[in-house]
Each structure stands twice: as C-alpha cells, then as structure tokens.
Amino acid sequence: MPERRDLRLRVNGVTYESTVEPRLTLVDFLRGELGLGGVHVGCEHGVCGACTVLIDGRAARSCIMLAVQASGADITTVEGLSTDGTLHPIQQAFLESHGLQCGFCTPGFIMSICELLEENKSPTDDEIKETLGGNLCRCTGYENIIKSVHLAAEKMRAL
Amino acid sequence: MKPAQFEYFAPETVAEATSILARYDGEAKVLAGGQSLVPLLNMRLARPQALVDINRVPDLAEIREDGDRLLIGAMTRQRDVERSDLVRRAQPLLHEAVTLIAHPQIRNRGTIGGSLAHADPASELPAVALALEAQFTITGPNGDRTLPAQDFFVTFLTTALQPDEVLTSISFPTQAQNTGSSVQEVARRHGDFALAGAAVTVTLDGDRCSDARIALFGVGATAVRTSGAEEALRGAEASDAALDAAADAVRDQIDDPLTDIHASSDFRRHLARTMTRRALATAVERARNGARYA
C-alpha cells in the first residue's frame with residue numbers, strides 16, 4: 001500500500017479533509033477529489049497556466065504543487081468567483097469583450113488576473129502583459145483578453 | 001498519477017531535514033518551491049525515493065541586512081525578492097535578475113535557494129551569484145559551512161551540496177558606490193529560459209572602470225565568469241571601444257557553448273558578446289547616473 005497523508009485545506013471558502021498519496025498533484029486533487037473541473041489540466045509541467053489557482057491569495061500553478069503541500073492553505077478556483085449566479089466582474093468582462101474563444105485557457109487567465117487586479121486597480125498594458133505572459137491562449141485571443149482586463153478593472157473600480 | 005511513488009517528509013527543522021536526507025543517502029531530494037523539481041517528477045525524469053519538503057521549516061524565508069551584506073533565506077520566494085525595497089536598494093542586480101525568472105505565477109512559488117541549488121546553467125541567479133561573489137551557507141548534520149559561489153556550482157544541475165546538506169541562506173555584498181549593474185538576456189518567448197545572457201557590474205572612478213564583473217549564463221555547463229574580459233576593463237576608460245573590447249574578449253574566451261534545438265553554438269557565442277556589450281553599456285550609464293533604476 002502506498003503511503004497516504006492527511007490533508008486539510010480550505011477551497012472556495014469550504015474546509016475539506018482528505019487522505020491522499022503524497023504524489024497526487026494539487027490540480028488532480030481539486031479536479032478528481034473535489035470535482036472542481038474548472039481547474040484545467042494543460043501541459044502538466046508548469047508552462048501553460050491553465051491550472052492556475054490562488055493559493056493564499058497568490059496565483060500559482062496547481063499542476064506543479066503537491067496536494068499535501070497545500071495542507072493548511074486557502075485556495076480559490078474559478079468556481080469560487082461567482083456569487084449566487086452572478087458572474088465575477090472579471091468573468092463578465094471576458095464575456096462582454098470576447099476574451100475567450102474555446103475557453104480552455106480562460107480559468108487560468110482569470111485567476112492570474114484576480115491577483116493582478118487585487119493589487120493594481122488600473123494596470124497598464126505592459127503590466128497586464130507581464131502578468132499574463134504566464135498563461136498561454138492557443139486561440140490567440142490575447143488582444144481581447146487584454147481588453148477584458150481593462151474592462152474588468154473598470155468594473156471593479158466602480159464597485 | 002504523474003509522479004512515481006516517493007516517501008514524503010515535511011520536517012519542521014533543518015536538523016530534522018538533514019537527518020532524513022542522510023538516512024536516504026542520496027536517494028532523497030529537497031523540495032523547495034517545486035517549480036523545477038515537480039515538473040521533473042511529473043515527467044518521471046526524477047524518481048527520488050523520498051522528498052524532503054522544507055516549506056514548513058520556519059525562519060528559512062527572510063531578507064535582511066547583515067553588516068555590509070544582504071542576506072536572503074533560501075526559502076524566500078522569488079516574488080518576495082522582486083518586491084523587496086531592501087533588495088532593490090542594496091543589490092539592484094539581484095532585483096533585476098529575479099524579474100526575468102519565468103512568470104509571476106512561477107515566482108510566487110519559486111525560491112531563491114531552490115533556483116540556485118537546481119543550478120540550471122541557463123538560469124539567471126547562478127550568474128548573478130558568481131558576478132557578485134555571493135556566499136552560500138549550507139547546513140549539514142555536523143553544522144554549517146560557507147562556500148563562495150565559484151565553489152558552489154560544479155557542473156550541469158550539480159552543486160557542491162552533499163546528499164545530506166541543505167542550502168539555508170545566501171549572502172550578497174551590497175552594491176558599492178559609483179557602481180552600476182545590468183542583466184541582459186535573449187529568450188524565444190518572454191519568461192522562457194534564456195538562450196544566453198550576461199550579468200555584469202561596473203564600478204567607475206571618474207571616467208575609468210575601477211572594477212568590472214562579468215558572468216554569462218546559457219553558454220556552458222555552469223554559469224561562467226570571464227575574468228579575462230574583466231581584466232581588460234579594469235583601469236580602462238569606460239569608452240565604447242573599451243566596452244567593445246571586453247565584449248569581444250567574452251566572445252573569444254568562453255568555451256564552445258551548447259548546440260541544441262533552440263540555438264547553435266555559434267549563435268550562443270554571438271549572443272554572449274551582444275548581451276555582454278549591452279549589459280556593460282547599461283551598467284556604465286547607471287554607474288554614471290548613480291541611479292538605482294526604477
């Protein structure tokens with residue numbers, strides 16, 4: 001029997017306890033054990049950014065972190081953004097500015113943007129590009145994604 | 001599951017970590033930020049028997065002045081180094097280099113000690129450590145030892161760390177007066193590993209270079225310091241001709257760089273010269289302006 005470890009963490013405001021193999025990656029835990037399919041698995045080695053989540057408020061790749069390492073952490077996934085069926089301003093801005101085509105990369109982009117707009121209410125194009133350099137979009141929707149960030153920032157400033 | 005099976009330990013002291021490492025006698029790996037190691041585990045290029053996760057050891061993440069040096073704990077996240085006003089003021093070359101590492105999402109997890117201990121020759125920090133003559137504090141079962149950067153890096157992905165040792169902190173000299181620095185690199189995409197790059201510092205005494213440090217990355221099995229080129233600059237006027245000569249010396253003195261699918265050896269040699277030249281010009285300008293760049 002492979003060794004298993006206890007794990008306790010908060011995800012989208014809910015505390016979960018589980019027992020996992022140490023080699024289970026965080027993304028596989030979030031998807032497989034918690035059913036959070038919005039956390040996408042792309043390259044599985046930290047390049048594409050599709051699996052980006054917030055770990056204690058910081059955007060990070062969940063495919064290159066072990067679930068056991070997240071014990072005690074507070075995690076937000078894209079599922080944790082909308083409230084009572086109302087999209088988060090970043091999600092709404094993506095919808096309005098055509099910030100997505102196939103949508104595969106979108107949850108990762110949105111979580112990276114969450115961290116950015118939390119710290120910087122009015123980012124410049126360069127600041128947006130520096131943040132989003134870590135997320136790949138193969139529909140090449142980058143221009144509209146940048147537009148979406150500006151619109152999201154505007155919406156969030158108005159809150 | 002992606003990685004092969006391993007035993008997992010999350011010690012709360014360095015002493016505990018070294019004792020576990022000693023027990024596995026080279027078959028255990030230290031897990032710091034995991035931004036290089038976990039991809040290797042996922043691809044099963046690394047299959048250690050055990051992982052020793054040092055993320056729960058307190059006191060390994062700190063940034064502070066230590067006399068006339070800047071001390072950084074090995075587990076300090078690259079993002080925290082990037083955002084530290086103290087680092088920006090005391091050692092701008094380190095600040096600038098950290099901003100070139102991958103992307104913010106990687107720097108949020110990646111640590112300064114992990115990057116140095118991984119010793120990828122195309123990464124920025126080993127070259128910065130060589131150029132600045134950083135000191136590495138290493139803890140083993142029998143206590144601490146300190147190594148200069150030049151003795152720390154051995155070859156490709158290999159350092160002087162013994163199987164039962166942990167890198168615990170790195171200290172850098174604070175930047176001297178009348179000194180400017182710069183790191184320049186070329187990567188295929190923003191945030192990718194550099195094809196080649198240069199980290200330099202130049203100290204001016206009036207119009208003359210009283211000191212120069214040049215270290216290259218991406219051109220050999222480790223980062224490379226080019227003493228001959230530095231020697232050519234010492235005492236010389238900081239003119240375009242002198243900077244050209246130093247950059248030519250870098251090009252002519254480095255061993256044949258690697259050829260791979262990303263770049264030929266000749267192209268990397270060319271980049272080493274060009275990046276050195278740009279970095280020297282920027283460093284001289286910064287030294288003249290006395291500017292701690294924004």
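The axes discussed here are lines fitted to C-alpha atoms, for helices over the stretch in contact, and the angles run from 0 to 180 degrees between N-to-C directions. The model is predicted.

Chain B is divided into domain 1 (7–56), domain 2 (63–173) and domain 3 (179–289). Between the C-alpha centres of domain 1 of chain B and domain 3 of chain B the separation is 35 Å.

Two packed helices are described by the angle between their axes and the distance between the axes. For helix 5 (residues 92–99) of chain B and helix 8 (residues 124–131) of chain B, the axes come within 9 Å and cross at roughly 170°. Angles over 145 degrees count as roughly antiparallel, and helix 5 of chain B and helix 8 of chain B are therefore roughly antiparallel to each other. At their contact, B:L93, B:L94 and B:A97 of helix 5 meet B:E124, B:L125 and B:V128 of helix 8. Of the residues in this contact, five are nonpolar, none is polar and one is charged.

Strands of a sheet pair through backbone hydrogen bonds, either parallel or antiparallel. In chain B, five strands form an open sheet in the order 4-5-10-6-7, with antiparallel pairing. Strand 4 (63–66) and strand 7 (143–148) of chain B stand at the edges with a single partner strand each, so one side of each is left without a neighbour in the sheet. From one strand to the next, the twist averages 25°. Within this order, strand 6 (residues 135–140) and strand 10 (residues 166–173) of chain B run antiparallel and are joined by five bridges. B:T139 has B:V166 in strand 10 of chain B as its bridge partner.

Terms used. Residues are numbered from 1 along each chain as its sequence is written. Chains are lettered from A and ligands numbered from 1 in the order in which they are written. This is a predicted model: local features need pLDDT of at least 70, side-chain atom pairs count only at pLDDT 80 or more; totals for chains, interfaces and linings use all residues. Domain bounds come from an automatic or database domain assignment. Helices (H or I, at least four residues) and strands (E, at least two) are DSSP runs, numbered from the N terminus. Angles under 35 degrees count as roughly parallel, over 145 as roughly antiparallel, 65 to 115 as roughly perpendicular and the rest as oblique. Two residues are in contact if their C-beta atoms, placed from the backbone, lie within 7 Å. Ala, Val, Leu, Ile, Met, Phe, Trp, Tyr, Cys and Pro count as nonpolar, Asp, Glu, Lys and Arg as charged, and the others, Gly among them, as polar. Two strands pair if DSSP finds at least two bridges between them.
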